[in-house]
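Subject: Structure for you to look at

Hello,

Please find the structure below, followed by notes on what turned up in it.

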Amino acid sequence: MAIALIMFATTNAMADDSIRTVNRFDSVEISLLTCEPHNKVYSLYGHTAIRINDKVTGEDLAVNYGVFNSRKKNFVLRFIFGLTDYEVGIYPFSSFLQEYEQDGRSVTEQVLNLTADEKQAIIQDIAINAMPENKVYRYNIFYNNCTTKARDVILKHLKENVEFSERGNRHSFREMTHKYTKNHRWAQFGNDMLLGVKADAETTQEEQQFLPEHLMHDFNDARLVDDNQKKTYLVKKTNTILPSGGKEAVSEFPLPPIAVCSIIGLAIIILTIIERSKGKYFWLLDAIICLSFGLVGILLTAMMFSQHPTVQLNLQWMMFNPLPLIFGWKAICMRRKGKEHWLWITWNLMIVGLIFGSFFQHYAEGITALALSLLLRDMIRNIRIGKNKLKITFK
């Protein structure tokens, strides 16, 4: 199909009669396609594609910059660390439409107001992108995804300046993703665990166009401004190709993250009170805490080396870090002997820093409840009656 597009784009480029070339591409419509979000994790934010429709020959193609293979080795790990490769796919528009019809997802078409030369330039660029040596690109959900790729290949070949209507909002990446994951709270929890401080910074209108619906609305109001300051709309007409068929029921863990984290936090506090009242040390509880928090900490530590710039500085690392995993057993053994290891006071200070850090970063749902439960555990444990004092040994 890529070969057909290349031939389609270049057939008239070598012709001597320039008028013939213009007439040839006058019969072509290029559209921006915006597909409704769906309940699958990879489709929560919707999708964008390009349609190339020749009204004379009947050739009708969909250009999709969102082709990926989820069964590829280490796909999830590569996605987390920003090492996922997507590629451009070109196939019949009817096949593209069938996929979204099966999922009951709406598809909106915006036919663009382009000159014949602009259409030819866009098609030639897409044809080059679709060649085997060029079709693969490094995907980034915020900065280089299927929507931004479609936008860029269109805008860079427009001869007139594009003027977008100012929307006046400066939402962060996190706030925008929350809009689409509000009914998928565990997916939102996972996102918020990985996203760091930079995800809470204000975004520009251009950055907000990583979302298909944002780009669709911006294109709808965009104007083309020529040298004489004459303005015309970028979108010539808008068609609803597929109506929304409704979304299937969401299948998630029945309890939301805040409930699970609160239950875990409450269990920690109750067990600590029982531990204190009986004068015993529930070392297994500390072992479970150190193991679980430390394992998550390895992931957040690894994220510091991710190619996703919005995950590299994550204040939740102050609670979820490898220190409890590395030094936890020694700290537990010393506590069983009535001594305290430096890990506990260091970790507590870091957790206090986490709580103050909530002024700068939005944490995953329930994380603050867990932090408070860990602090309360040590406060309850370290209550001493009479002249007994806490002994801290640095080893």
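Which residue does Glu-87 stand opposite in β6? The residue is Val-136. Please keep in mind that this is a predicted model.

**The sheets**

Glu-87 and Val-136 face each other where strand β4 (residues 85-92) and β6 pair in the antiparallel sense, over three bridges. Both strands belong to an open sheet of seven, in the order β6-β4-β3-β2-β1-β5-β10, with antiparallel pairing. At its edges are β6 (136-138) and β10 (235-242), each of which pairs on one side only. On average, neighbouring strands of this sheet are turned by 25 degrees against each other, direction ignored. Helix α5 (residues 116-129) lies across β1 (28-35), β2 (47-54), β3 (60-67) and β4, and runs at about 60 degrees to β1.

There is also an open sheet of three strands, in the order β7-β8-β9, again with antiparallel pairing. Because β7 (161-163) and β9 (231-233) are at the edges with a single partner strand each, one side of each has no neighbour in the sheet. Three bridges connect β7 with β8 (residues 223-225), and Val-162 has Leu-224 as its bridge partner in β8.

**A buried serine**

Ser-27 sits in the loop between α2 (18-26) and β1. Is Ser-27 buried or exposed? Its relative accessible area is 15%, and it counts as buried because the cut-off is under 20%. The Ser-27 side chain makes a polar contact with that of Asp-54, at 3.2 Å. Setting aside residues up to four places away in sequence, Ser-27 touches Asn-53, Asp-54, Lys-55 and Val-56.

**The cores**

The largest nonpolar core has 75 residues, and Ile-50, Tyr-65, Ile-126, Met-319, Trp-347 and Ile-367 have the most contacts inside it. Helix α12 (residues 283-303) supplies the largest share of this core, seven residues. Apart from it lies another core, of ten residues, including Leu-33, Cys-35, Phe-93 and Val-107. As for Tyr-65, its contacts beyond four places in sequence include Ile-50, Val-88, Ile-126 and Tyr-137.

**Salt bridges**

How many salt bridges are there? The count comes to 21. Three of them are described here.

- Asp-125 and Lys-156 meet at 2.8 Å, N to O. Asp-125 is in helix α5 and Lys-156 in the loop between α6 (146-155) and β7, 31 residues apart. Asp-125 is buried, at 10% relative accessible area, whereas Lys-156 is exposed, at 55%.
- Arg-174 and Asp-192 meet at 3.0 Å, N to O. Arg-174 lies in helix α7 (residues 173-181) and Asp-192 in helix α8 (residues 185-194), so this pair ties together parts 18 residues apart in sequence. Arg-174 is buried, at 1%, and Asp-192 is buried, at 2%.
- Arg-381 and Glu-340 meet at 3.9 Å, N to O. Arg-381 lies in helix α15 (residues 367-381) and Glu-340 in strand β11 (residues 340-341), so this pair ties together parts 41 residues apart in sequence. Arg-381 is buried, at 12%, and Glu-340 is buried, at 7%. Through shared partners, salt bridges join Glu-275, Asp-286, Arg-335, Glu-340, Arg-377, Asp-378 and Arg-381 into one network.

Regards

Notes: Residues are numbered from 1 along each chain as its sequence is written. This is a predicted model: local features need pLDDT of at least 70, side-chain atom pairs count only at pLDDT 80 or more; totals for chains, interfaces and linings use all residues. Side-chain values use heavy atoms; hydrogens and water are left out. Two strands pair if DSSP finds at least two bridges between them. Helices (H or I, at least four residues) and strands (E, at least two) are DSSP runs, numbered from the N terminus. Axes are lines fitted to C-alpha atoms, for helices over the stretch in contact, and angles run from 0 to 180 degrees between N-to-C directions. Contact means heavy atoms within 4.5 Å. Buried means under 20% relative accessible area, exposed over 50%, partly exposed in between (1.4 Å probe, protein chains only). A polar contact is a pair of N or O atoms within 3.5 Å; within protein, one must be able to donate a hydrogen and the other to accept it, and residues adjacent in sequence count only if both atoms are side-chain atoms. A nonpolar core is a set of buried Ala, Val, Leu, Ile, Met, Phe, Trp, Tyr and Cys residues joined through side-chain atoms within 4.5 Å. A salt bridge is a side-chain nitrogen of Lys or Arg within 4 Å of a carboxyl oxygen of Asp or Glu.
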